[in-house]
Amino acid sequence: MNASMPIRHTQAESDLFDRYDKAKSSFAGSVAVTALREAAVDQIRDHGLPHRRVEEYKYTDLRAFLKAASPLSAAADLVAAKNLLAEQNSYGDLERHRIVVANGVYVAELSDSDALAAEGVKIQDLNDVLEGENGSQYLTAPKSGLSDGVLALNTAFVQGGVVLEVADGADVSKPVELVHIATSSGAQVTRNQVRVGAGARLRLLETFTGETGGGEINSVFDYHVADKAYLAATRLIVGKDEAARLFTSVTTIGAEAEFKSLGFMAGPRFARNQQFVNFTGENSEAKIYGVTMAGGDDLADQTLIVDHAVPHCNSREFFKTVLDGRAKGIYQGRINVAQHAQKTDGEMMTQALLLSEDAEMANKPELEIFADDVICAHGATSGQIDEDLLFYLRARGIPEAEAKTLLVLAFLSEAIEEYGEDDVTEGLEERVRDWLAGH
Amino acid sequence: MLEIKNLHARIAEDETEILRGVDLTVNAGEVHAIMGPNGSGKSTLSYVLAGKDDYEITEGEVLFNGENMLEMDPDERAAAGMFLAFQYPIEIPGVATMEFLKTAMNAQRKARGEDALSIPDFMRRVKAAAAHLNVSMDMLKRPLNVGFSGGEKKRAEILQMSLLEPKLCVLDETDSGLDIDALRVVSEGVNKLRAPDRAMVVITHYQRLLDHIVPDVVHVLSKGKIVKSGNKDLALELEKNGYADYVDTAA
């Protein structure tokens, strides 16, 4: 493709430029922030939305999927937000702190900021920091920069979010749930920064509730895990409406630190969960898990790049996908090992279970290794339910549907159990059952 | 209880005929042994009774308490009281043994219109049955059959059998892979389940199992047909002379 040729914009792209022109006067941010937004809009203008001829989006053609772009969501109705917050029950009775972002903007009134402050966790409204002297730092994610189309879309339209800082050494006693709520239709675009200080520990839960009426959800999380810190981030991507769900995390890991994440997707129409993990200190570990369920005409994409830029770090990537109907599952995983990143240990596995003849899985595990003293492995499998296992369960009186449910749960639970965080993941079994019963 | 009439079955995939006219009647309270050389169709018969769809019935019928069993799904047969103790019990990683037992027992109860077991009632039953069969709680905490030795797998099968309280028990080479001690434990477990309202079909290659589980009737299956029936002495005769006579008879 010749990049210098002006492209013919799609309806959705024209809608997006319109959207930007209408909304730009209301966006928060310093002059530098505005410049970043403008550059991001120009990138979309020059290259269009990411599409199948862009290698990273080969299987996930956002440009073809988005027929039109909705306006951004208006300010949230706080009463409705409060009701949705009470109704959403992703984690049952789990004791947790909550931070609420409604229609893209932080809502202090609904967030447990006092309790969090007592635990050493400081929360700031992203829109406040964007106005400040260093505002633009919060919109430039390390490494990935502007080249990723979904990230550019986020930078251009970001409505708000939070900056969450855990003080050095703080061990936050309860998981912190960052709840994104949609009280009305319209696109929701948020950016959140999470900084876990040296030696601190945080268990983060990310949930999204409410209907956007087809407006895309685009959330970027910028994680910084300082030396000897621990961050476990559990992300639930569910919802049945037509909205494209686009999630990006960029993680920077210091020395002797541990980062874990679980991306749990059950039944969204079109979703991409992309993660960029960067090791910057030695003797650290990253464990990335994905559990994906898709049926009907759904498309579910888990994309991951782990950069081993320094020696003596371990990473483990384990992804499980269950597909039914005509659904398309995508796993793209790459481990990069720089020349001096000796003694790297990377192990990547992706496994898919296809419940129908028409479902399709694209597995693309890649290793790019420039160091010579490393242990790296990858594997990919796709298969169907084992008829012998199914027969054994049925021969004991378990009806076919329930027997299949047991086997799907067994398949997915391998990744969920390895992730750990049992109190957090306990309720996920019910989510799998709901998906199996209702997709 | 079980009436098999002129049953013909073949492997669905390649149409190889395995059962070529089996006739067998088993009454409540009786224990029948089916012996025969390798390849005579013993395991096929057990799979056909349990409802594995790798096989196609081309002729004949199977009545279970007067009902056409061939039209029932495997889980319906189980709920009606059919139990197959597998020759090779399957390992199912990710399915906890206790969860599996509870699901199976309650699924059968539901199919019969009975209430689900309460957790304490379920636990009491499992503990009692496990104690008789030397099945440790540690085994029950593992995923189903995963990491079980051959003997443990067979004991787990008999544990399932005693918890599910079937009307018809089909034991497919339950003695294979067992040492003498394990064979005794398993046989005692089976004998405990002998009852006037329960029938058993014990499929075995060797006579030694029948020293422990003494049958009322012994049948010889060869080339897909029952070629001779008799009392338990027939098993002893087979042990002495081998199957050569019957293989020739059938040919």
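**Sheet strands and chain contacts**

User: In strand 19 of chain A, which residue is the bridge partner of A:Ala352?

Analyst: The bridge partner of A:Ala352 in that strand is A:Ser382. The model is predicted, so local features need pLDDT of at least 70 and side-chain atom pairs 80 or more, while totals for chains, interfaces and linings use all residues. Residues are numbered from 1 along each chain as its sequence is written, and chains are lettered from A in the order in which they are written.

User: How do you know that strand 17 and strand 19 of chain A pair?

Analyst: Strands are DSSP runs of E with at least two residues, and helices are runs of H or I with at least four, numbered from the N terminus. Two strands pair if DSSP finds at least two bridges between them; strand 17 (residues 345-354) and strand 19 of chain A have 9 bridges, in the parallel sense, and therefore they count as paired.

User: What makes strand 2 and strand 19 of chain A edge strands?

Analyst: The open sheet of chain A has 10 strands in the order 2-1-5-7-9-11-13-15-17-19, with mixed pairing. Strand 2 (105-106) and strand 19 (375-383) each pair on one side only.

User: Why is strand 9 of chain A called mostly covered?

Analyst: A residue is buried if 20 or more other C-beta atoms, placed from the backbone, lie within 10 Å of its own, exposed if 12 or fewer, and partly exposed in between. In strand 9 (residues 230-238) of chain A, 7 of the 9 residues are buried, so the strand is described as mostly covered.

User: How many residues of chain A are in contact with chain B?

Analyst: With contact defined as C-beta atoms, placed from the backbone, within 7 Å, 17 residues of chain A are in contact with 20 residues of chain B. Helix 9 of chain A gives the most to the side of chain A that touches chain B, with 7 residues.

Methods
Contact = placed C-beta atoms within 7 Å.
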